[in-house]
Structure formats: C-alpha cells, structure tokens
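Thanks for coming. I'll take one protein today, and I'll keep it quick. Please have a look at the model first.

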Amino acid sequence: MDLGAEQHGCEHYTRRCRIRAPCCGEVFGCRHCHNQAKNSLEVDLLDRHEIPRHEISKVICSLCNKEQDVQQNCSGCGACMGKYFCEKCNFFDDDISKKQYHCDGCGICRTGGMDNFFHCEKCGCCYSNVLKDSHHCVERAMHHNCPVCFEYLFDSTMDISVLHCGHTIHLECLNEMRVHHHFACPVCSRSACDMTDAWQKLDQEVAATPMPEFYQKKMVWILCNDCGATSSVRFHVLAQKCPGCSSYNTRETRGGPATAACSRV
C-alpha cells in the first residue's frame with residue numbers, strides 16, 4: 001500500500017511513521033527531531049540526551065496511528081512506512097533518490113550509493129571511491145566534532161570534506177573558512193588545499209620587498225606546518241619560506257631543532 005507519501009514525515013525525512021523514543025517515552029518524527037528537542041541549550045543540562053537509535057523498538061503509523069514493533073509495513077493498515085527500510089538502524093525513508101545503504105563497518109546507514117563509497121577500517125568511516133588510494137589515514141577520522149562548528153561528524157547529515165592531512169570538517173564550514181581567508185586545517189595547521197599559486201605570489205611579493213640592511217643577515221628558526229621540517233632561514237617581514245617544500249605555511253620558533261634527551265633507567 002503506497003499512500004500519503006507527500007503528506008507525512010518531518011523536516012528531516014518523508015515517511016509514514018513516527019518513533020517512540022526508548023529513552024524518554026515521547027513520540028517524535030525522527031531521531032533528529034528528538035535530539036533537537038532534548039539536547040538543545042534550552043533544556044536543563046541534567047536532562048539533555050540523545051536517542052539511542054538502535055534501541056528504537058516502537059513506531060506509530062502516520063495513516064492509522066497504530067503503535068507497533070519496528071517493521072516496514074504497518075500491521076494495521078498495510079501501508080509501507082518507508083520505501084527504504086533498515087531493520088538494523090530502525091530507519092525509514094521514502095526518498096530513495098538519496099541511494100541509502102547500510103554500512104556494517106560504520107554500523108549506520110549512509111547515503112550516496114554503496115557502489116560509490118568504501119569503508120576505511122583505520123579511519124573507521126566511509127569515503128568516496130575517489131579517495132580510496134589517495135587519502136591520508138587518520139584513526140577514527142570522523143569520530144569527533146567538526147573543528148569549526150563542533151557538531152559530531154560521524155553521523156552528521158551535512159556534507160563532509162576530507163582534508164589533505166586526513167582530518168575531516170563540514171564542507172560548509174570549510175567554505176566559510178575560505179571566505180575569511182583561512183586555508184589551514186584547524187586541527188594540525190597543515191594547508192587545507194593546493195596553495196601553489198598563493199606561494200608563487202608570495203615569492204613575487206617577497207622579491208619586491210627587500211629588507212633593510214640591518215635585517216638582511218638576520219636568521220630565524222622556523223617550523224613548517226606542511227612538511228614538519230625545522231629550518232634556519234633569512235628573516236623577512238612578510239613570510240618565511242620552507243626550504244624543503246617551498247611552503248610559506250610556517251611559524252617562527254625560539255630555537256633550533258630539539259636535542260633528543262638520553263633515556264633513563
């Protein structure tokens with residue numbers, strides 16, 4: 001039975017059922033509706049919580065209002081409560097254009113089509129096939145908050161970008177950083193994109209800005225945020241260039257390379 005697809009659902013999903021939260025016993029359109037209501041700043045800190053999605057056991061049909069165990073078709077009126085149904089996640093969705101699939105490695109459902117993604121065991125999440133042989137592995141890369149907006153990334157519904165360093169961030173947050181001329185990873189400070197053109201422009205600006213004679217022999221120690229090398233270079237008021245990788249994403253340090261201390265027994 002395929003009725004009421006357009007009339008039912010919530011702001012997050014189009015489907016023909018609501019869920020009863022196992023944590024507080026209240027009824028919501030979906031887990032996101034629950035989390036927005038129960039884990040917001042307006043809720044007392046001691047009462048804030050998120051729904052354990054895998055513990056959802058009861059749903060209410062939006063057509064006949066019968067409460068029942070989690071299943072794809074209503075036991076009362078026979079309506080399909082979601083064209084995509086995952087019994088592992090207790091998840092329903094009518095919009096199958098998202099190409100939902102369940103990833104056993106992640107333990108949750110994802111969108112985009114199983115054929116277009118692979119699960120990286122070290123990173124602990126699904127990445128586009130484009131990154132299969134080129135991404136830098138970071139253990140549990142998405143199992144943390146976005147370094148800009150602090151939303152948990154692993155089960156976020158927003159698009160996520162994987163930086164050259166392997167750290168992850170919301171694509172929207174990354175674009176906002178670029179608008180404000182921030183091009184380094186907020187976690188490790190490595191360049192977040194190809195900066196070749198920017199470094200070439202800096203080469204020209206440095207060449208066109210000679211230092212006063214007093215500073216021409218001044219040397220400083222720098223740490224390169226891109227390659228990790230420590231070097232002694234000539235000081236320049238605009239920027240210090242890494243002699244190893246030609247990056248200007250560097251910072252001054254107070255001294256030379258640290259000397260390894262002898263171990264004690």
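Start with confidence. pLDDT is the predictor's confidence in each residue, on a scale from 0 to 100. The protein averages a pLDDT of 91, and 93% of the residues score at least 70. Residues 259-265 fall below 50. Beyond near neighbours in sequence, that stretch has zero contacts in the model, a contact being heavy atoms within 4.5 Å.

Ground rules. This is a predicted model, so to speak of local features we need pLDDT of at least 70, and side-chain atom pairs count only at pLDDT 80 or more, while totals for chains, interfaces and linings use all residues. Numbering runs from 1 along each chain as its sequence is written, and side-chain values use heavy atoms, with hydrogens and water left out.

Now the layout. The protein is divided into domain 1 (9-98), domain 2 (116-180) and domain 3 (195-253). Those bounds come from an automatic or database domain assignment. The C-alpha centres of domain 2 and domain 3 are 30 Å apart.

Next, the largest pocket. Its volume is about 1200 Å³. A pocket here is an open set of points on a 1 Å grid over the protein atoms alone, with protein on both sides within 12 Å along at least five of seven lines; a cavity is a set where a 1.4 Å probe fits but cannot get out; lining residues have an atom within 4 Å of a point. Points are joined across faces, edges and corners, and the volume is the space filled by probe spheres set on them.

Which residues are closest to the centre of the largest pocket? They are R110, D155, S156, T157 and M158, out of 41 lining residues. By class, the lining has 19 nonpolar, twelve polar and ten charged residues. Nonpolar covers Ala, Val, Leu, Ile, Met, Phe, Trp, Tyr, Cys and Pro; charged covers Asp, Glu, Lys and Arg; the others, Gly among them, are polar.

Why does the largest pocket lie between domain 1 and domain 2? Because both domains give residues to its lining.

Several elements contribute. α1 (31-38), β6 (91-93), β8 (108-110), β10 (125-128) and β11 (160-162) each supply at least two lining residues. The largest share, four residues, comes from α1. Helices (H or I, at least four residues) and strands (E, at least two) are DSSP runs, numbered from the N terminus.

Stay with α1. Six of its eight residues are buried, so α1 is largely enclosed by the rest of the structure. Buried means under 20% relative accessible area, exposed over 50%, partly exposed in between, with a 1.4 Å probe and protein chains only. The buried ones are R31, H32, C33, H34, N35 and K38. Their cover includes β1 and β2 (27-28).

Two backbone points. Most residues other than glycine have a negative phi. N90 has a positive phi of about 55 degrees. N90 sits in the loop between β5 (84-86) and β6, and is buried at 11% relative accessibility. R140 also has a positive phi, near 55 degrees. R140 is in the loop between β10 and β11, and is partly exposed at 49%.

Last, two single residues. E11 lies in the segment before β1 (17-20), exposed at 66% relative accessible area. D226 is in the loop between β13 (219-224) and β14 (230-234). Leaving out residues up to four places away in sequence, D226 touches R190, S191, W199, C245, S247 and N249.
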